[in-house]
Amino acid sequence: MEIFKSTTYLLLLVTLFLSTIVSQINGGGIKTQSEALGQFYKAKLKQNFNIDKSHFDANLVDHNDLQYFHIASKKSMVSQEVLENDKIQKLPGQPPVKFEQYGGYVTVDESAGRAFYYYFVEAQHSKESLPLLLWLNGGPGCSSLAYGAFQELGPFRVNSDGKTLHKNNFAWNYAANVLFLESPAGVGFSYSNTSTDVKIGGDKKTANDNYQFLVNWLERFPEYKDRDFYISGESYAGHYVPQLANTILYHNKKANKNIINLKGILIGNAVINDETDTRGMYEYFASHALISDEVEAEIQKECKFTVPESEESEECQVALGTTEHDTRPIDIYAIYVPHCHNTNLTAKPKKPSSVIDPCSDYYTTAYMNRPDVQKALHANVTNIKYSTWQPCSDVLTNWTDSPSTIIPLLREFMANDIRVWIFSGDTDGRVPVTSTKKSIKIMKLPIKTPWHPWFLNGEVGGYTQVYKGDMTFATVRGAGHQVPSYKAARALSLIIHFLAGIDLPDSKKPKY
């Protein structure tokens, strides 16, 4: 009886703790990746938002730490003990698996006390030969642990009880060794002992720190130094991914050797070019009956999208206001998916589905704030006092630079034989397929393989077009902004073909 009472009391405490976390989220207004991007777009259009929109070029970035990069790589001798300390034995509520997983911190600036948190899952087979794939989420300010690892392409997803996990049968570590990174400092479990680091961020600083992280991480995992390396991400990672790739190419050329063996990049529903991203969004709204044709026509005619919002004409502002009113009731990041109507955790897990639960942000947040989970992940070792762990940072308040386009970087990769794939979930209305098609169109690329459907399991998985210079555009049918969350099997097929450098299948019969 005493044991029963103790167990009951413990369960009540755990339930109370998790309920407190969820109520804090609800009360404080949880910021999701979708909301973070929407807020950032609006901020960039405000007249008083002082942000550098000039072109990103690693050649022009301050590289005072360059010497540190390469001195660190020569001096750093990571002991087996450090690696063993990063090994995750088992996550709370985790089903059994046969692959290894690691988590921990890598210092990116010793003097500032700045360190990034990573979560790494080895491939489920052939880990010695499969490539290394880095995944980055966007925002800016959103966690790759919250989304990529535990709601999209990682090996596990969090159950509705906020305490247990279930397997993702279409995890990307079937195709690669997958590394998830929380950046910049102030995002997720990544931290800095310098307070300004977690308040002031920007594209240039993030690219530099991400590069620093990679060089130092490879010292800890030297077996991946010469491995084929790919970078992938979604949303505002449409900036992070190309900028990191550009920084890698810069340092490789500077050192006259491959410090990192970059082979390709993959970006989804990606922020690419501000003006076409924005115009394409309103075109999508009209073509999907979210706004009237008349309102869309007024927007395309009257709105410039190259000046602060306050300088737009009255006609433009009225049309934008109408659009805001008409689209506010739905989730424009997945226009056919319902909102989360009950944020409470459940006593018993709901039956897992291949399509993400719209309340998953709440389940994941509750799980990541559990002390036993943080201990298992080797996370929050400094007992961060910023706030409870959240999917997107509420501490980054000043973003200093964000180029209006990353198209010049895509051209550079194609000129340097770096594979470029861009994919688009076709039910995302925020960075929709129409936006991406407009952005690609201004590149004026010659077409290698014309537009056609691609297939998976006898069904149309989406549509694709291949351009000369090793660039592919592919849609994923029925997927929202976070493609693997909605169409996991199609997303896995996409990554398998991307890594293999093979066109998506144009018939119902698989080619291999």
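Is Trp 135 buried or exposed, and what is its relative accessible area? Trp 135 is buried, at a relative accessible area of 0%. The legends below concern a predicted model.

**Figure 1. Trp 135 and Trp 172 form an edge-to-face aromatic pair.** Trp 135 belongs to strand S4 (residues 132-136), whereas Trp 172 is placed in the loop between strand S6 (165-167) and S7, so the pair ties together parts that are 37 residues apart in sequence.

**Figure 2. Tyr 119 and Phe 180 form a stacked aromatic pair, one of the 27 aromatic pairs found in the whole structure.** The distance from centre to centre is 6.0 Å, with 25° between the planes. Tyr 119 is part of strand S3 (residues 114-121) and Phe 180 is part of strand S7 (residues 177-182), so this contact ties together parts that are 61 residues apart in sequence. Tyr 119 and Phe 180 are both buried.

**Figure 3. Seven aromatic side chains named here make up one cluster: Tyr 102, Tyr 118, Phe 120, Phe 213, Trp 217, Phe 221 and Tyr 224.** Two members of this cluster, Phe 213 and Trp 217, are also listed, together with Ile 231, as the residues with the most contacts inside the largest nonpolar core.

**Figure 4. The largest nonpolar core comprises 86 residues.** Helix H7 (residues 237-255) supplies the largest share of this core, with eight residues. Ile 231, one of the residues with the most contacts inside the core, touches Leu 134, Leu 136, Val 241, Leu 244, Ala 245, Ile 248, Leu 262, Gly 264, Ile 265 and Leu 266, when residues up to four places away in sequence are not counted. Another core, of 59 residues, lies apart from the largest one; among its members are Phe 180, Cys 359, Leu 494 and Leu 499. Phe 180 is the residue that forms the stacked pair with Tyr 119.

**Figure 5. Two charged side chains are placed over aromatic rings.** The charged end of Arg 419 sits over the ring of Phe 498, at 5.9 Å from the ring centre. For Lys 437, the charged end sits over the ring of Trp 451, and the distance to the ring centre is 5.0 Å.

**Figure 6. Asp 109 and Arg 114 form a salt bridge and take part in a network of such bridges.** The closest N and O atoms of Asp 109 and Arg 114 are 3.5 Å apart. Both partners are buried: the relative accessible area is 15% for Asp 109 and 7% for Arg 114. The network that links these two residues also includes Asp 197, Lys 205 and Asp 209. The count for the model comes to 16 salt bridges.

**Figure 7. Glu 283 and Lys 438 form a salt bridge, with the closest N and O atoms 3.1 Å apart.** The pair links distant parts of the chain, since Glu 283 is in helix H8 (residues 274-287) and Lys 438 is in helix H14 (residues 433-441), 155 residues apart. Glu 283 is partly exposed at 29% relative accessibility, and Lys 438 is likewise partly exposed, at 29%.

**Figure 8. Lys 350 and Asp 357 form a salt bridge between partly exposed residues.** The closest N and O atoms are 3.2 Å apart. Lys 350 has a relative accessible area of 40%, and Asp 357 has one of 21%.

**Figure 9. Asn 273 is located in the loop between strand S11 (262-268) and H8.** This residue is buried, with a relative accessible area of 12%. A polar contact of 2.8 Å connects the side chain of Asn 273 to that of Thr 276. Leaving aside residues up to four places away in sequence, Asn 273 touches Ser 404, Thr 405, Ile 407, Ser 439 and Ile 442.

**Figure 10. Val 82 lies in helix H4 (residues 80-86).** Val 82 is partly exposed, with a relative accessible area of 32%. Its C-alpha atom is separated by 8.0 Å from the C-alpha atom of Arg 220, a residue 138 residues apart from Val 82 along the chain.

Notes:
Residues numbered from 1 in each chain as written. Predicted model: local features only at pLDDT ≥ 70, side-chain atom pairs only at ≥ 80, totals over all residues. Heavy atoms only, no water. Phe/Tyr/Trp six-rings, centres within 6.5 Å; stacked < 30°, edge-to-face > 60°. Helix = DSSP H or I, 4+ residues; strand = E, 2+ residues; numbered from the N terminus. Buried < 20%, exposed > 50% of the residue type's maximum accessible area, 1.4 Å probe, protein only. Lys NZ or Arg CZ within 6 Å of the ring centre and 35° of its normal. Salt bridge = Lys/Arg side-chain N within 4 Å of Asp/Glu carboxyl O. Polar contact = N/O pair within 3.5 Å; in protein donor to acceptor, adjacent residues only side chain to side chain. Contact = heavy atoms within 4.5 Å. Core = buried A, V, L, I, M, F, W, Y, C linked by side-chain atoms within 4.5 Å.
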